[in-house]
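Trainee: I have the model open and would like to go through it with you. Can we take it question by question?

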Amino acid sequence: MPDMYFSRTEVEDTAGVRPWERKRRFSAEVRPDDMAETAAVYARAAAEAGSAAELAGRATAVAAEAGAADGTALIDARGRIDATALGLGGAGDGAGDLDTVVSLLVRAMNTAIDAERDVASLVEGPGGLDEVYARQLAGAAADPTAPTDPATDTPDESRRRRLDTVATAARTADAALSDTVDAYRARLSGYGAELQREGYDLAGPLTLWTTPEMADHAAARLAEELRRDDPDPLALARWTQGIEGIADSLFGDSLAPGDPIRRLTTTEHTYLSRFYAALDTDTLVALGRLDGWDRAKTEVAGGLAMLMNPDIGGGTAVPDAVRPFVLDHHTGDLYTEHPASQAFRRALDRFNAFADVLGSATLPAGDRFSETLARAAVDLHARTTTQYAVGYPGHALPDTGSSDLLTAAALNSPTAATLLADDDFRTRLLGQTWEDSTGAGALVRSGTTVPPGIERDAPAARPYTDAAHGVLGFAATHQDVVLGHGPSRVAALGDASHTPLQAALADTALTHLADVAGHGDRPLPEKERHGVFALMAQADPTVNEGFKAGVNSVQYAMAYGYYADVPGAMGGTTTFESIGNLTRLVNWGEHEAIENREGDDRGRLVSALTTSSVGGGLWAASVPPGPQQLPLGLIAAGYSAAVPLLPGYSPQAPGAHADFDLSEGFLNEQVTAHTIATAAAQAHAEGSLRPGYPHGGGPVEVAALDTALYEAAGSVPDKRLNATGDRLGIVDDWRTAGVSPDRYVPDHRPDDRRSQS
């Protein structure tokens, strides 16, 4: 007797689709039997949470309690969650929002229950696939020798016909299953968008949005949307909402993240792994081609960062979609094709778009991946700039992608510090001419700034100070390179953009000002100290002005600390010698820069430095008085009230310059005198001016620092400021600092340290 039986697996193999497997997997994904308990968890959490933003976390905590919730009473006659049985209304200040959120969650649960029931019906219900399968097997079992077509069939042919009949039904059922599940996922994503608008982060015991199948679906729909001529930003946001929910749950807000509050769960890690495994490089390139900022870029970049961060439960395996431009770039067209070829240009265009996505990240990747990004960036930029020397330099395509990769790497400050302390990497980073130095500047700023909460003399701060010393030492001795002046073809063609890098170097100098000025536990060598101030004098005017403003702010803090008799403040002589030494270092750098210029170039530099002197003073003077709101701050500037900021060291200018003496050099001294007077006046206004200074009378108002100083420079003494100094009794303090509004130079008295500055 012939064997007429065929299994469901054989049907699926014949049909080329797997409806039974699809049905099983969808039921396992949705888990309808768990919905009642989950609903009860949320009902209890809503009664305890204070806002929608707290709900997911509170629900997670409730769910972790053994026997926390019994949802039997919440099921209606149709097997759905009965929202009226939840007893909503009246918890916390945001009770209304909580009611909305829980109602949306219930609707999402019921949508899942309904979808699972519809899917099951297509397979197990009347007229469903199981019925077709059973009927064909039953017919064969009734008379195994009876052909389905007596005129032509053998028993084997009859079996084949019955198998084909079921296979056809399987294909029909699978298509219907696919449509049902897709419709469910679309509705679920809509609920997800509404929940996120209410402040719910899609993380919690209800994991419908973060299943592996939802990851596959989201990645596919994201790619589909990006293939359109005009992708819809709302659609892109919908298909990245699962990543956003995970990021919000770990970091509070994916756009303004704090420190992670926990590690990725297994479910979340699986979701991210599946999402990025389903993407391809073309999708990332298409996303990067969107103009400007787009939230989907930030979420995709952030999800990758989480996946690549072992510290929060991620891993180190780089997804295939990401490898071509961060691991396998040496085998791509940027390296194998001539820089003048169209293939090279197309590859660079794709790299720029790809990297634009990664550069939109707000979350740090792990150490290993961050280092990979940074090293790939300096490699690729060194390669892409060869197009300026060969082919058609005037038509070179700027490399913005390398800057974007560095921007992403900079989010990991410990790795940035480690890289910058490496001589080879630091030289390759700072020794290049950048068409866009934003990323290089971000890496420098990240790796040289001691994180909040770490004392500057603590061992944990050492990597950052090591990095700062290395960066500033290189910059001071390679000024033309870091200023963007070359020598390079990029600089010669006028395509260098180094202002962001210069700004980062200024920040580094200010945050390590004690060492830069020659004081502190680890002072820079004298040549490098002078080089830093000369570099700042030649920097972009906006950078120079900001640097001077930072120096002025530190001078104000020292003066205020002394006048207000702040505990631990330095003595008067040390305070004002230190203030004066800072001014002289700034002046020395400007002397040096002017000395090395000629003709019109020299005149332009003098004019720019004059402008920045007033601008820096105005900027510093705009800060509300008192020591607590200083730009950069005393701690950030490396200042300790217990010891002098600077040694009693007076650098020598390279030469006398009448134009300097009549312009920005005098203005710098005017600003210093004004800063000292402002600090004394503030302490007087607070009634805390230390003994030995006038206390009587009404408020002492310091004359405004304004652009009239341009005309007064070097020719008209600031009589108003002099009058203020007399009234406050601070003229001797000006002399100790080596400055005076009326250019009075005190007599040299060997027994008075104040005159030795």
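Trainee: Leaving aside its neighbours within four places in sequence, which residues is T240 in contact with?

Mentor: Keep in mind that this is a predicted model. T240 is found in the loop between helix 9 (233-239) and helix 10 (241-251). Beyond four places in sequence, its contacts are L222, A296, E299 and V300.

Trainee: Does T240 count as buried or exposed?

Mentor: The cut-off for buried is under 20% relative accessible area. T240 has 1% relative accessibility, so it counts as buried.

Trainee: L222 sits in helix 8. Which helices do the buried residues of helix 8 pack against?

Mentor: Start with the buried set: E213, M214, A215, H217, A218, A219, L222, A223, E225 and L226. Their packing partners are helix 2, helix 7, helix 9, helix 11 (266-278), helix 12 (281-288) and helix 13 (295-307).

Trainee: What span should helix 8 have, and how far apart are its end C-alpha atoms?

Mentor: Helix 8 covers residues 212-226, which is 15 residues. At 1.5 Å a residue the helix should span 21 Å. The end C-alpha atoms agree with that, at 21 Å apart.

Trainee: Helix 2 and helix 7 are both on that list of partners. At what angle do the axes of helix 2 and helix 7 cross, and are they roughly parallel or antiparallel?

Mentor: Helix 2 is residues 19-30 and helix 7 is residues 155-197. Their axes come within 9 Å and cross at roughly 25°. That makes helix 2 and helix 7 roughly parallel.

Trainee: How many nonpolar, polar and charged residues does the contact of helix 2 with helix 7 have?

Mentor: From helix 2 come P19, W20, R22, F26, E29 and V30. They meet V166, A170, D174, L177, S178, V181, Y184 and R185 in helix 7. By class, the contact has 9 nonpolar, 1 polar and 4 charged residues.

Trainee: Which other loop residue has a positive phi although it is not a glycine?

Mentor: Look in the loop between helix 28 (541-563) and helix 29.

Trainee: How many residues of helix 29 are buried?

Mentor: Helix 29 runs over residues 572-595. At 1.5 Å a residue it should span 34 Å, and its end C-alpha atoms are 34 Å apart, which agrees. The helix is mostly covered, and the buried count is 20 of its 24 residues.

Trainee: Which residues does S688 touch, not counting residues up to four places away in sequence?

Mentor: S688 is in the loop between helix 32 (664-685) and helix 33 (708-712). At 24% relative accessibility, it counts as partly exposed. Its C-alpha atom is 9.2 Å from that of V566, 122 residues away along the chain. The residues S688 touches are Y563, A564, D565 and A683.

Trainee: Y693 is in that loop too. Is Y693 buried or exposed, and which residues does it touch beyond four places in sequence?

Mentor: Y693 has 11% relative accessibility, so it counts as buried. Y693 and R727 are 34 residues apart in sequence, and their C-alpha atoms are 9.3 Å apart. The residues Y693 touches are Y562, Y563, L728, G729, I730 and D733.

Trainee: Where is the cis peptide bond that involves P487?

Mentor: P487 is found in the loop between helix 23 (479-483) and helix 24 (489-492). Most peptide bonds are trans. This one is cis, with omega near 10°, and runs from G486 to P487.

Trainee: Last, the whole chain. How many helices and strands does it have?

Mentor: Buried residues make up 53% of the 757 residues. Among contacts between residues at least 6 apart in sequence, 76% join residues at least 24 apart. The count is 35 helices and 0 strands.

Notes
Residues numbered from 1 in each chain as written. Predicted model: local features only at pLDDT ≥ 70, side-chain atom pairs only at ≥ 80, totals over all residues. Heavy atoms only, no water. Axes fitted to C-alpha atoms, helices over the stretch in contact; angles between N-to-C directions. Helix = DSSP H or I, 4+ residues; strand = E, 2+ residues; numbered from the N terminus. Parallel < 35°, antiparallel > 145°, perpendicular 65-115°, else oblique. Contact = heavy atoms within 4.5 Å. Nonpolar A, V, L, I, M, F, W, Y, C, P; charged D, E, K, R; others polar. Expected span 1.5 Å × (residues − 1). Buried < 20%, exposed > 50% of the residue type's maximum accessible area, 1.4 Å probe, protein only.
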